[in-house]
Amino acid sequence: MHLAYPAVLAVLLFCTGVYGVLARRNAILVLMSVELMLNAVNLNLVAFDVWLRDSLHAGQALTLFTIAIAAAEIGIGLAIVLLVYRNRGSSDVDRLRDLADTVGPGDAPGGAEAERAGTAEKAEAAT
């Protein structure tokens, strides 16, 4: 087996994943692109393990660790995306950049500063 075939396929997969991370705005598509990049790395690890004829099969062992890490990453990532979608109503990455400064559906028009000022005024009025 030539090493060039899986290496070229891995490069194409990795470049597609990088394009997906940089160009997409949906958080789920970004997570899918990260998975595509991890699978390209797995393909390279297995291809080099076969090419080097490693007796310990270190490439395949590292691939198993990478698959386990990818499964944990996608589980936690999807949980976070679903929580953000439930709270914000959108999974758009551009809208999620400044989570602390945005006004939620139940917040005051001025955001957190107006809320703090309102509680300070209530405290002064109570004393």
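F48 is partly exposed, as its relative accessibility is 35%; that class lies between buried (under 20% relative accessible area) and exposed (over 50%), using a 1.4 Å probe and protein chains only. W51 lands in the partly exposed class too, at 46%.

Keep in mind that this is a predicted model, where local features need pLDDT of at least 70, side-chain atom pairs count only at pLDDT 80 or more, and totals for chains, interfaces and linings use all residues. Residues are numbered from 1 along each chain as its sequence is written, and side-chain values use heavy atoms, leaving out hydrogens and water.

| Residue | Relative accessible area |
|---|---|
| F48 | 35% |
| W51 | 46% |

Back to those two rings. There is one aromatic pair, counting rings of Phe, Tyr and Trp (its six-membered ring) with centres within 6.5 Å. The ring centres of F48 and W51 sit 6.1 Å apart with planes at 85 degrees, so this pair is edge-to-face (over 60 degrees; under 30 is stacked, the rest tilted). F48 and W51 are three residues apart in helix α2, so about one helical turn separates them.

Now for the helices, which are DSSP runs of H or I with at least four residues. Helix α1 (residues 4-23) and helix α2 (residues 27-52) have axes that come within 8 Å and cross at roughly 160 degrees, with axes fitted to C-alpha atoms over the stretch in contact and angles running from 0 to 180 degrees between N-to-C directions. That makes α1 and α2 roughly antiparallel (over 145 degrees). Residues making the contact (heavy atoms within 4.5 Å) include L13 and F14 of α1 and M37 and L43 of α2.

Key:
Helices (H or I, at least four residues) and strands (E, at least two) are DSSP runs, numbered from the N terminus. Angles under 35 degrees count as roughly parallel, over 145 as roughly antiparallel, 65 to 115 as roughly perpendicular and the rest as oblique.
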